[in-house]
Amino acid sequence: MKKPSGTRGTAGSTTPPRPAPRNKSKQGPDWEKIFRSLKAWRKEPQKADAGNQSGAFGPPSVSTVAEVFNQDPWAVLASTIISLRTKDEVTMLSSRALLKKAPGPRQLLALDEKSIAKLIYPAGFYRTKAANLKKIAAILMDKYDGKVPSDMETLLALPGVGRKTANLVLTEAFNKEGLCVDIHVHRISNRNGWVTTKTPEETEMCLRALLPKKYWKPINPLLVLYGQKLCRPVSPYCSRCVIYDQCGKRGVDTSR
Ligand code: SF4
């Protein structure tokens, strides 16, 4: 089968022919078009995702937790920490279990690390996360009157809190400006040629300069979902891609 130009040939690629992606480097990305395309795709996932035939995609787990717990900053912070390297379904269950026993840092401090780890199991690195949650709860009680700080610098000083977590807490709990870049957003941004970066942190800084602020919060869950379901790390579904004509497909060796 003929492969689309822009995809290096590999044995076993099943990508059907499509026109070559447009080189947008001179004009810059058409953000509105990209945003609208991703939004429309999310409403019709059965057409786009070969592995999921079960209906519309829900919001990411942390957004759901934020909604269920009325944007409670502790709930958002705890679930964001649980969510790192953890599937959405597990994050939801673990967050609910933890927040039922520890709806705030005061209650969490009363639990020992082993109990916290048991509550959030099988989240990835559950023992490390339990230890960090306990340390964070102690700091919040000691320094911030049991409240989660609402500025980037203070959040970043908490154990186990990186820029991704801090950005999510700022946007989901405090409705502040934040641009959350995880490994999916980082990968898609580089494949598309929006940025040329080595780390999610670098990508965040570049996107902050490139992407109009009105897209910062809403584009994150769209790109995360797109990376999980379609623009996968290995052999993305380029033949089904809704932003194909915007994508440079940089570094894509094999696609479907
Ligand atoms: S699936 Fe990913 S790599 Fe392929 S065209 Fe779409 S955005 Fe580009």
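## Overall architecture

From the N terminus on, the elements of the protein run α-α-α-α-α-α-α-α-α-α-α-α-α. The secondary structure thus comes to 13 helices and 0 strands; helices (H or I, at least four residues) and strands (E, at least two) are DSSP runs, numbered from the N terminus. Residues are numbered from 1 along each chain as its sequence is written. This is a predicted model, in which local features need pLDDT of at least 70 and side-chain atom pairs count only at pLDDT 80 or more, while totals for chains, interfaces and linings use all residues.

Of the 256 residues of the protein, 38% count as buried. A residue is buried if 20 or more other C-beta atoms lie within 10 Å of its own, exposed if 12 or fewer, and partly exposed in between, with C-beta atoms placed from the backbone. Among contacts between residues at least 6 apart in sequence, 57% join residues at least 24 apart; two residues are in contact if their C-beta atoms, placed from the backbone, lie within 7 Å.

## Confidence

The mean pLDDT of the protein is 87, and 84% of its residues reach 70 or more. pLDDT is the predictor's confidence in each residue, from 0 to 100. Over residues 1-16 pLDDT stays under 50, and for this stretch the model has 31 contacts beyond four places in sequence.

## Nonpolar core

The largest nonpolar core has 55 residues, and those with the most contacts inside it are V76, A78, I120, L133, V169 and Y226. Such a core is a set of buried Ala, Val, Leu, Ile, Met, Phe, Trp, Tyr and Cys residues joined through C-beta atoms within 7 Å. Helix α4 (residues 73-83) gives the most to this core, with 7 residues. Domain 1 (31-57 + 179-246) and domain 2 (72-174) both give residues to the core, so it lies between them; the domain bounds come from an automatic or database domain assignment. In soluble globular proteins, nonpolar side chains tend to be buried together.

Leaving aside residues up to four places away in sequence, V169 touches P73, V76, L77, T80, V148 and L155.

## Helix α4 and its surroundings

Helix α4 is largely enclosed by the rest of the structure, because 11 of its 11 residues are buried. These are P73, W74, A75, V76, L77, A78, S79, T80, I81, I82 and S83. They pack against α3, α5 (88-101), α6 (105-109), α7, α8 and α10 (163-174). α4 is followed by R85, which has a positive phi, near 55 degrees.

S61 belongs to helix α3 (residues 61-68). S61 has 22 other C-beta atoms within 10 Å and is therefore buried. Not counting residues up to four places away in sequence, S61 touches S79, S83, D88, T91 and M92. S61 and S83 are 22 residues apart in sequence, with a C-alpha to C-alpha distance of 7.8 Å.

## Helix α11

Helix α11 (residues 183-192) is mostly covered, with 7 of its 10 residues buried. The buried residues are H184, V185, H186, R187, I188, S189 and N192. What covers them includes α12 (200-210) and α13 (216-229). G193, which follows α11, has a positive phi near 85 degrees.

## Backbone exceptions

Most residues other than glycine have a negative phi, and most peptide bonds are trans. The peptide bond from Y121 to P122 is cis, with omega near 10 degrees. P122 lies in the loop between α7 (113-120) and α8 (126-143).

N70, in the loop between α3 and α4, has a positive phi near 50 degrees. N70 is exposed, because 8 other C-beta atoms lie within 10 Å. D145 is found in the loop between α8 and α9 (152-156), and its phi is positive at about 55 degrees. With 7 C-beta neighbours inside 10 Å, D145 also counts as exposed.

## Ligand shell

The ligand is surrounded by 15 residues, of which the closest are C231, P236, C238, C241 and C247. A residue is near a molecule if its C-beta atom, placed from the backbone, lies within 6 Å of it. By class, the shell has 11 nonpolar, 2 polar and 2 charged residues. Here Ala, Val, Leu, Ile, Met, Phe, Trp, Tyr, Cys and Pro count as nonpolar, Asp, Glu, Lys and Arg as charged, and the others, Gly among them, as polar.
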